[in-house]
Every structure is written in structure tokens, then in C-alpha cells.
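Let's take a walk through this model together, beginning at a pocket and ending in the core. Keep the viewer open as you read.

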Amino acid sequence: QHAGQVALLHDLLAGTSAWTQVFRINVFTPYLVGYGLALPLSFIVPVGVALKLILSLSYIAFVFALVALRRHFHGDPRLDWLFVLSFFGPAYHWGFFTFLAAAPIAVVFILVADRHAQQPCLKRGVVALLTGLALLLSHGLMFVFGLAVAGTLYLLRCRERGWAGRWLLDAWPFALSGLVCLGYLFFSTRLQQQYGGIAEAGQILWRWEWKRLPKLFINSLGGKTTLPVLLASVVLVALPWLLGLRIDGRRPAAWAMFGICLLIALAV
């Protein structure tokens with residue numbers, strides 16, 4: 001489906017599509033970075049190759065961004081090897097191309113936002129704001145996740161600093177990017193209605209059950225409940241403890257990202 005989107009965009013822009021009377025290009029949809037990178041490549045190489053190149057670059061960028069985030073939080077460098085696997089979870093298994101293209105941008109946004117939270121200034125705030133807007137254009141839900149993590153980290157950093165008097169003023173990068181997101185959502189929804197309405201949502205199945213916890217780790221390895229995957233999941237969970245590492249309760253900012261991921265996995 002993602003390849004079909006890029007191929008259709010390619011043909012519409014090249015003037016070779018037989019469907020010009022049926023389709024319109026909607027730039028107000030928050031998946032522009034994945035398609036925007038694959039589209040120019042599709043004029044050089046086949047669409048399938050273009051998507052593979054973007055996914056490969058996203059994977060490399062994702063690993064390096066996580067290494068940078070680990071260094072930022074002064075984590076053990078032995079954990080870097082876990083980042084090699086984490087790209088190939090449910091999003092990769094189901095082929096969520098735009099989500100995967102946005103993944104490294106989300107990590108970078110959390111990194112630059114936390115740098116601003118630790119030492120607020122205009123330059124760091126602008127970098128955080130621009131990275132947040134790039135993330136919004138990459139993937140709407142990924143932006144919501146990144147903003148939730150960045151906002152939580154900001155509050156925790158303010159608590160560490162004793163709620164300095166300017167804490168509310170220094171939150172402007174998060175407030176502005178959040179307002180842009182709301183405006184973007186409002187405009188995009190109205191535009192979709194002009195295209196013929198938004199499809200009615202089906203019944204929501206929450207499926208709250210005990211299996212969610214083991215599936216959280218099984219899914220990180222592709223989602224197949226085979227014996228090798230189950231054993232590998234146990235090893236991955238136990239590995240930090242076997243290395244002598246522990247969660248430091250005195251530094252809640254260091255595990256805020258994990259806590260929010262866990263909350264989403266168990267509750268949503």
C-alpha cells in the first residue's frame with residue numbers, strides 16, 4: 001500500500017497517471033517525510049528499491065540516535081547492542097513504512113527536547129521546536145508519543161532544578177508544537193470531509209488480558225510465539241540484570257521513556 005502511494009504520486013506528478021480525475025494530492029496528512037524521501041528516489045530507481053533504501057537509512061539513523069540518547073542519560077554502553085534488534089518489532093512486521101521512517105526523528109526530538117529541559121535557552125528551544133514540527137510532518141501518532149515523553153522529561157527536569165521561576169516560560173517549544181498539532185488536526189479533518197467524509201470507526205477491541213505483558217517482549221522480536229522467540233525474549237529481559245544493571249529510582253528522567261512505552265503497551 002505504501003509503495004502504491006508513492007507510485008501514484010510519481011505518476012500524478014509526471015502527468016502519466018490514468019487516475020487524475022479520481023485522486024487529489026493531499027499534503028495535509030502527517031506522513032510527508034517517508035513519502036517525501038521515497039518520491040524523488042522513485043524517479044531514479046524502482047519504487048520498491050526506494051522504500052528499501054529509506055528503511056535502511058531509517059534503521060541506521062534509529063540505532064545511532066538511540067546510542068546518542070543512551071549517552072545523554074549516561075547509560076551503560078553494553079546496552080547499545082539491544083538497539084540493533086528493536087527496529088524490527090510490530091511496526092516492521094506489519095510494514096508501517098511511515099512510522100519506521102519517523103522513528104529516528106522521534107528519538108532525536110526527545111534528545112534535543114531534554115537538552116533544552118536541562119539547560120533552557122533560545123537556541124536549544126528553537127532546535128527542539130523545529131525537530132518537533134519535523135516529527136509532526138513525519139507521523140502524527142509518533143509526534144504525540146514524542147511530545148508526551150518530552151513534556152514528562154521537562155517536568156521532571158524542572159523538579160530536579162527546584163521549579164525555577166522561568167519553568168513555565170521555558171516550556172514554549174512544547175506549547176507551540178502542541179498548538180501547531182491541534183491546528184493541523186483541525187484543518188486536516190475539515191479537508192478530509194471535503195474529500196468525501198471520514199470513514200466511521202468500527203468497534204474498538206481493547207483486549208485487556210494478562211498476555212499483554214509477555215507479548216510486549218515477544219512483539220519486539222517480530223510477534224511470532226515460537227519457542228526460540230520466547231527463549232530470546234526471556235534472555236533480552238534478563239540481560240540488563242545479568243550485566244549487573246538496575247533501574248535507578250533516584251533518576252526518574254532516565255526511565256520516563258520506558259515508563260510511557262510500558263503504559264501505552266499495557267493500556268492502549
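Start with the second largest pocket, where helix H1 gives the most to the lining, with six residues. The model is a predicted one, in which local features need pLDDT of at least 70 and side-chain atom pairs count only at pLDDT 80 or more, while totals for chains, interfaces and linings use all residues. Residues are numbered from 1 along each chain as its sequence is written, and side-chain values use heavy atoms, with hydrogens and water left out.

A pocket here is an open set of points on a 1 Å grid over the protein atoms alone, where a 1.4 Å probe fits, with protein on both sides within 12 Å along at least five of seven lines; lining residues have an atom within 4 Å of a point. Helices are DSSP runs of H or I with at least four residues, numbered from the N terminus. Helix H1 (2-14) and helix H2 (32-41) are the elements that give two or more residues to this lining. In total, 20 residues line the second largest pocket, and Gln5, Arg24, Ile25, Asn26 and Thr29 lie nearest its centre. Its volume is about 610 Å³, counted as the space filled by probe spheres set on the points, which are joined across faces, edges and corners.

Buried stands for under 20% relative accessible area, exposed for over 50%, and partly exposed for in between (1.4 Å probe, protein chains only). This core has 40 residues, of which Leu69, Leu135, Met142, Leu153 and Phe174 touch the most other members. Among the elements that give it two or more residues are helix H3 (47-72), helix H6 (97-118) and helix H9 (172-194). H6 gives the most, with 11 residues.

Which residues does leucine 69 contact, leaving aside its neighbours within four places in sequence? They are Val107, Ile110, Leu111 and Met257, where contact means heavy atoms within 4.5 Å.

Serine 177 is found in helix H9, and counts as buried because its relative accessible area is 0%. Leaving aside neighbours within four places in sequence, serine 177 is in contact with Leu129, Leu133, Phe143 and Leu147.

Finally, visit histidine 74, in the loop between H3 and helix H4 (83-86). Histidine 74 counts as exposed because its relative accessibility is 69%. Its phi is near 60°, a positive value in a residue other than glycine. Most residues other than glycine have a negative phi.

Key
Core = buried A, V, L, I, M, F, W, Y, C linked by side-chain atoms within 4.5 Å.
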